[in-house]
Amino acid sequence: MKDNYHDYLNNNFAKMQETIKTIQNITSSDIKHKEISQNLNNMNNQLGNSISKIIEESNHVNSNLETDTYNIAFFGETNAGKSTIIEALICGDGKSIGDGRQDYTQKLETRNLDSINLIDLPGMEGNESKYISEIKKGIAKAHAIIYVSSGDKEPEETTLMKIKSYLRDQTDIYSVVNIRKPLNPHTLKVGLVGDKEKIVIESTEKKFKNAFGKNFKRTFALNAKVGFVCRSQNKNPEAKKSFNTMLKYIDFPKDIYQYSNFENLNNLIKKLNNIELQNKKIKISNTYKFLSINNYITSIILKSKKDLDAQIRKIEDENLEVVNNFKSESQLLEQKLDATINRNFDELLANLSNLISTADDKSKEEINKKIKQEIDAFNKKFKVDIKNEFEVFTQKMKHTFKEMNEQILTNLKYSNIDNGYINIDETIKEVSANFNYIFKNILGIIFSAVISIPLGQMVMIVTAASSIISRIFKWEKVDKKKEMANKKKELIHLLNVKMTNLKHKLRREIKSNTIHVNRNINKQLREIDNHISQIKKLSFKMNSQINTLNSLNNETSKKLVESIEEKEYFFVYIDKSMNGMFYIGSKIKYAHLYNLKYIIHFEDINEFLIEYEHTLKDGFFYVNKNEEFQKRAISEMIKELNNLSGQKKYKGVKKRFSRL
């Protein structure tokens, strides 16, 4: 049955893979910092490794799709009787039946029955890890699964969950409980299914329904060995011998076979052995495998995108807080530096003025010495005070960045990111590493600013003060005392003017230095913005690829239904994760083959609009809060409507909490 539909499906696997490959191409060409650029490249590699795993799984499914023959895989516990059942169905010679050793079946064994392949898989509860590739290959080929378990115990839930993880809701599942009661007078009287067996069968059926939902069809209770003996006695001497032994306890040979209860399973195989229906089932099964992995990949990317967007928002909030903190601390630094200049100069002026006021000819040498001491003390203290202000600023910025980095990693730790394949936590850790790199640059900028403060200006103050003091001692002794006092005031005023000029000049130079610091720190902070922008590109690409994968899902759903029903349809949406179909067009004939819980049908778009247009408000359709499947389906359909109309008439779908 290898036709154009299979080629179409094969091409869609290739499209899906090409779509997800583009996610990892984050450009780092705009990042000048070598270290940050390298981190982005590392991030690309991590994403590449994640995506490679997804593509590898996709390739495994696609390469093992069976398109020519309907395959039924027998899956189950080690030594549960899988091979015995297959031999009984084909009336074989029994050579493939195990001898009681664990893991007797170690690779796929395929037996043909008319137009059906029966695939015997390695056991689930032996050394399963050795044969996992064979198990996955068999499941990929299978269009139906028959799970075989022993009649003395029900399957473990962990085993069923493991099977479910392999199948991903893509295949019909049947359960067989193999009751190993030998045929003798006592068992003939009690029957194959006694009270104990009924409990196991009921519990098995309940567990399968809970695990597989509508994919689970029914449970068969049988005796595989007795069934094999009855159907294969002419090909196997041991089977013939066992059959003759059983005849001692029963009058009619057909009653032996009836005791085995095997015919119910045989009738299922006969029913499936229909070429026309097989072809349709093969298409449906293979398409569901594609849709299942496509939906799975979409869900991984969607969850990764949500996690990444949440982390980006938190990083942006943290970064904004850092920027605001920096602006606030920068302004505070300017105020403190200005206050430090004023305080030190005012104190120096007061001390020098006091010395001038008390100066006389006798204290000339002592006054000059004290002036030099004042200038030296000022110079030393002023430098320490300025350095301390920058140190406080540095410590506050260091604390702010440390808190930001710790918050990013804390958010990551408690964000419950578990993406399966796409490693978002490593992506965010790269952001944190880059912020550390940028912060080191900022500390270097601040340190450079401190050592470049122009404290050599204090020499000018020493020269100015000495000049003024020299003028004091040029006064003649005949000057009157009052005139001397006035002259001292005049000289103190002159000193004040000179020191004020020096103070303004120093303030301007420190201000210029501070502006340079701020400019360089802002440049570094912009690198954080640039880096966040680079990470956002990943989010944008994820969004684009989600839309592409959704479109691929819709196109494939439509193509499947058109191939099965041999009619054209306006729109088809199948969601295997929600077990539903939404379609617009003629009523489908083979509804039972699709094996879906929900099938929502509209003859044409007008019928849909009659049903939903009254809910339309501000461009949004509204559905009830429990109608998640309808929300997804209509969201995809209105994209089709908008594309056809060439305008965005419909914005989307929202949930409502009460009927309009």
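Helix 12 and helix 13 each contribute at least two residues to the lining of the second largest cavity, where helices are DSSP runs of H or I with at least four residues, strands are E runs of at least two, and both are numbered from the N terminus. This is a predicted model, in which local features need pLDDT of at least 70 and side-chain atom pairs count only at pLDDT 80 or more, while totals for chains, interfaces and linings use all residues. Residues are numbered from 1 along each chain as its sequence is written, and side-chain values use heavy atoms, with hydrogens and water left out.

A cavity here is a set of points on a 1 Å grid over the protein atoms alone where a 1.4 Å probe fits but cannot get out, and its lining residues have an atom within 4 Å of a point. The second largest cavity holds about 50 Å³ of space, and its lining consists of E329, L332, L333, K336, E389, V392, F393 and K396. The largest cavity holds about 100 Å³; twelve residues line it, and H143, D172, I284, S285 and L593 are the closest to its centre. Helix 12 supplies the largest share of that lining, four residues.

Note on methods
1 Å grid on protein atoms, 1.4 Å probe; cavity = no way out; pocket = protein on both sides within 12 Å on 5 of 7 lines; lining within 4 Å. Points joined across faces, edges and corners; volume = space filled by probe spheres on them.
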